[in-house]
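Please keep the sequence and the coordinates in view while reading.

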Amino acid sequence: MLHSPLDDIAFAYEPVWDRTRRICASRLIIHALRPRSVDIVPLLAALTDGFPPDAPPLLLSTDEPHLLLSLLKQAPVRNTWLEVPESLWAKAEALELVMGARRFGHQLLWRGELTRFEPYARKFKGLRGVLELSVDDSVLALQAASQGGEFSTPGHVTRIESPIIPGHLYVGVSSRALADHCLDKRQAWGVVGWPDDELLSANRFKPIAMDQRVMVQIMQAVDAEVPIQQLGALLVQDPVMVYRLLRMVNSAAFGLAHEVESIRHALMMLGYDKLKAWLQTAYTSASSDKSLHPLRHALHMRARLMRGLLDPNSDEELKGEIHLTGTFAHLDQLMKEPLAELLHQLPIPGRIFSTLVRHDGPYVAYLDVANAVSSPHRVDQVPAVCERSGFSLDEVNRAVIHLLATARDPADKSFVAARGVK
């Protein structure tokens with residue numbers, strides 16, 4: 001087998017969310033196994049060949065100085081940004097290369113602590129940053145948000161200035177309130193990652209409801225009479241909706257003679273009219289909370305990555321099982337019930353149950369790899385996970401690239417229209 005430039009690196013990814021709580025960019029963390037031996041030109045070609053111009057831009061991030069300097073010396077690649085840490089902007093010998101890359105057309109992002117950004121922003125006109133929030137930054141921003149920017153003491157009112165600077169990306173956003181402040185009040189370009197843990201903790205006693213936005217998409221698709229396969233592609237955006245649909249179709253009240261294991265089969269049994277009627281009935285109890293959308297969409301991306309690790313010529317049943325495994329991987333966190341109990345209520349294949357509950361099934365390798373590459377702090381562990389799981393770095397990295405090339409939210413009208421949904 002020919003050696004590929006993607007055999008020498010490991011990827012991890014992190015979505016970036018904008019004011020609509022949709023994905024606006026993808027941060028791609030690059031870990032080089034042997035930084036000085038990476039062949040940059042074919043690496044960049046592999047990253048961007050077939051990458052559609054309307055895909056969310058890639059923010060390339062690496063902590064390997066040699067690799068970053070090599071990237072800066074190459075011709076700029078469309079739809080990509082390079083993160084450059086403060087240390088390179090602060091060194092005269094490196095700054096010359098950075099400024100040359102900027103003049104050459106590279107889109108560069110200053111990366112570092114928010115409190116250290118201002119001097120660089122003044123010096124380099126139009127410079128954008130990936131700004132890391134400290135605990136003090138977060139506290140001050142939340143105080144400004146909660147008190148409307150003003151703090152009253154006897155005899156006078158003091159203005160609280162939020163440290164959040166409009167137009168930049170923010171890392172280390174640990175709560176929904178802080179994310180809302182950055183995006184809605186301070187017009188940040190985006191938030192890197194999402195405070196999933198805080199959102200799930202806030203709803204720890206109450207199951208996450210189905211998503212009204214996805215319901216509307218499906219009902220519009222039903223009205224447009226799109227094929228069943230496209231309905232399924234919309235449905236799988238919401239794991240809770242998938243679970244409740246399968247529960248409903250397999251209930252005694254539905255009266256089927258045979259159990260329904262797959263999403264496609266469930267939609268075929270239900271039909272367009274009954275599907276729409278079910279969604280209309282459930283709509284009032286569904287959630288319109290847009291802050292939950294990044295959580296759902298990130299889980300959906302992980303399930304899509306698992307499916308993308310399969311051979312493209314695999315049969316549809318296998319693809320469906322792998323995708324359903326990924327869809328239900330974190331169902332317990334959403335439904336607030338033990339995963340084994342939830343899955344026992346569905347006639348799912350034993351392979352899925354064994355993988356998710358016992359971590360001992362044929363799809364464990366796919367789940368382990370998907371979890372590793374969606375965890376940026378674990379990027380150095382990705383090579384070992386791939387080797388243990390029987391995947392080459394090349395095939396995993398290509399699956400990640402394809403995922404990010406098609407990461408646009410289906411709620412984007414142009415994306416939906418391209419798939420025949422009006």
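How much space lies in the largest pocket? The volume is about 1,400 Å³.

## Basis of the description

This is a predicted model, in which local features need pLDDT of at least 70 and side-chain atom pairs count only at pLDDT 80 or more, while totals for chains, interfaces and linings use all residues. Residues are numbered from 1 along each chain as its sequence is written, and side-chain values use heavy atoms, leaving out hydrogens and water.

## The barrel

Eight strands close into a barrel with mixed pairing, in the order β1-β2-β3-β4-β5-β6-β9-β10. From one strand to the next, the twist averages 30°. Strands are DSSP runs of E of at least two residues and helices are runs of H or I of at least four, numbered from the N terminus; two strands pair if DSSP finds at least two bridges between them.

β1 and β2 are antiparallel, paired over nine bridges, and P15 has S26 of β2 as its bridge partner. The two strands form a hairpin with five residues between them, and R21 in the turn has a positive phi of about 65°. Nine of the ten residues of β2 are buried, that is, under 20% relative accessible area with a 1.4 Å probe, protein chains only. β2 and β3 pair in the parallel sense over four bridges, with L59 of β3 as the bridge partner of R27. Three bridges join β3 (residues 58–61) to the parallel strand β4 (residues 80–85).

## Pocket and cavities

A pocket is an open set of points on a 1 Å grid over the protein atoms alone, with protein on both sides within 12 Å along at least five of seven lines; in a cavity a 1.4 Å probe fits but cannot get out, and lining residues have an atom within 4 Å of a point. Volumes are the space filled by probe spheres set on the points, which are joined across faces, edges and corners.

The largest pocket is lined by 44 residues, and Q229, A233, V236, R307 and H323 are the closest to its centre. The structure also holds three cavities of 30 Å³ or more. The largest cavity contains about 50 Å³ of space and is lined by L44, L60, L71, V77, T80, L82 and H106.

Conventions. Axes fitted to C-alpha atoms, helices over the stretch in contact; angles between N-to-C directions. Buried < 20%, exposed > 50% of the residue type's maximum accessible area, 1.4 Å probe, protein only.
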